[in-house]
Each structure stands twice: as C-alpha cells, then as structure tokens.
Amino acid sequence: MSNTLEISNFTSAEERIAARRQRAEAKLKQDKEEAEGKKTKKDDAAEQISLGKQQYADSSAILEHHRTETWDELTGIRVRFDDQENQRRIVEENNRLDRYEALQIEAVTSGRKNAAIEMKWADLLNMDIPQELNDQLQFQKSACKQIIESKDRRIEDFKTELKNKDEEYIKMLKQQSTDITTCIGKMREQYHTLRRHYEQQLEEIEEAFDHEREELLKKNSAEMEALFEKRRLMEENEFLERR
C-alpha cells in the first residue's frame with residue numbers, strides 16, 4: 001500500500017510507469033522466491049515421516065516385542081516338558097537295556113546250573129552209600145534252592161520296577177497337570193497384558209494422529225490467512241492504481 005501511495009506522488013507519467021515496472025519486477029521476484037521456498041518445504045516434508053505413521057511403526061514394534069516375549073514364555077514351558085520327556089525316555093531305554101541284559105545273564109547262568117543239576121541226577125543213581133547219597137541230595141537241593149532264589153530275586157526286581165513305574169506315572173500326571181495349570185495361567189496373564197498394551201498403543205497412535213491433524217489444521221489455516229491477506233493487499237493496490 002505504501003508503494004501505491006509513493007507512485008501516486010509522482011507527477012509525470014514516465015516516473016509512474018517506471019515505478020510500476022520496478023514494483024512489478026520486485027513482486028515477480030518475491031513470488032518466485034516464495035514458490036521456491038514452498039517447494040523446498042514440500043520436499044522436506046515429503047522426506048519426513050508423519051508423526052502418526054511414526055507412532056504406528058513404533059507401536060507395531062513394541063507390540064511385536066511383547067508378542068515375541070509371550071510366545072517365548074509359552075515355548076519355554078513346552079521345551080521344558082519336551083526335555084523332561086526326552087530324559088525320561090532315555091532313562092527308560094537304559095533301564096530296559098539293563099533288564100534285558102540281566103535276563104540274558106540270568107538265563108545263561110540258570111541254564112548252566114540246571115544242566116549241572118541234571119548231570120548230577122545220573123550220578124546219584126549209581127551211589128550205594130546212604131550217607132554219600134544224602135550229602136549229594138542235600139547239595140542238589142541247595143543248588144535248586146539257589147536257582148529258585150535267583151528267580152525270586154528277578155521277580156522281586158520286576159515287581160519293584162513295576163511299582164516304580166506306577167509311581168513315576170502318577171508323578172508324571174501331577175507334573176503335567178501342574179504344567180497345564182501354569183500354561184493356562186500364563187496365557188490368561190499374557191492375554192490381559194497384551195490387551196493392555198494394545199489399548200495403550202492404540203491410544204498413543206490416536207493421540208499422534210490427533211496432534212498431527214491439529215498441526216495440519218493450524219498450518220493450513222495460517223497459509224489460508226496469508227493468502228487472504230495477500231489477496232486483500234493486491235486488491236487494495238489494484239484499487240489504488242485505478243484511482
């Protein structure tokens with residue numbers, strides 16, 4: 001507006017034309033600089049991630065971290081159970097091999113003793129002295145008793161093993177029940193934890209987008225006001241020039 005008043009103060013038409021030309025050149029230069037500045041701002045804005053999108057990426061990373069921790073805890077329970085089961089099977093296989101070896105040794109030893117006893121019966125038939133016959137009979141009786149005792153010990157070993165298996169089975173059922181209860185409790189706890197984290201991150205994302213919206217509204221409002229002000233000044237200048 002001050003430039004318009006200055007132009008009206010000129011007395012000659014040539015001076016007014018020169019002043020208007022100078023003012024027009026200055027205005028074109030200013031518009032060019034403003035356009036370049038806006039372009040630079042747009043390029044900078046394009047390079048930057050919006051606040052809402054950045055919060056969404058951060059929240060996604062946080063939630064993924066909590067989900068990973070959740071699965072790691074549940075996987076830990078399963079891995080522990082699998083490890084215990086593998087150890088139990090290894091011990092069971094070793095015990096089975098020990099039993100099989102003991103049975104093989106028992107069968108060989110018992111077979112030899114039975115063969116020795118069978119061979120003695122033929123010798124006893126040829127004995128005539130009662131005392132000697134009685135001694136041999138007592139020896140045979142003792143040998144048979146040893147074989148029977150060895151079989152009884154093997155039977156007792158199997159009964160003890162069977163009892164231990166029953167106790168181990170009951171213990172395993174209790175442990176599985178404890179593991180299932182623990183797993184269910186962990187899943188329930190993790191559900192509430194994840195739900196709380198999801199709600200928290202959702203609120204933060206909404207707040208980020210709301211803040212971004214407010215900033216954009218303020219920015220757009222400021223730009224519109226600047227454009228209206230520029231338009232008003234241009235209209236005033238044109239009006240004064242026509243005068």
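I started with Tyr169, which is partly exposed at a relative accessible area of 48%; buried means under 20%, exposed over 50% and partly exposed in between, with a 1.4 Å probe and protein chains only. Tyr169 sits in helix α4, residues 130-242 (helices are DSSP runs of H or I, at least four residues, numbered from the N terminus).

A note on the ground rules: this is a predicted model, where local features need pLDDT of at least 70, side-chain atom pairs count only at pLDDT 80 or more, and totals for chains, interfaces and linings use all residues. Residues are numbered from 1 along each chain as its sequence is written, and side-chain values use heavy atoms, leaving out hydrogens and water.

Next I looked up Met172, also placed in helix α4. I found Met172 partly exposed, with a relative accessible area of 23%. Which residues does Met172 contact, leaving aside neighbours within four places in sequence? They are Glu85 and Arg88, a contact being heavy atoms within 4.5 Å. Met172 and Arg88 are 84 residues apart in sequence, with their C-alpha atoms 9.9 Å apart in space.

Then I checked confidence (pLDDT, the predictor's confidence in each residue, from 0 to 100). The protein chain has a mean pLDDT of 78, and 80% of its residues reach 70 or more. Confidence is highest in α4, at a mean of 85, and lowest in helix α1 (residues 2-9), at 46. I noted that pLDDT is below 50 over residues 1-8, a stretch with 12 contacts in the model beyond near neighbours in sequence. Where pLDDT is low, the predicted coordinates should not be read in detail.

How values were computed:
Helix = DSSP H or I, 4+ residues; strand = E, 2+ residues; numbered from the N terminus.
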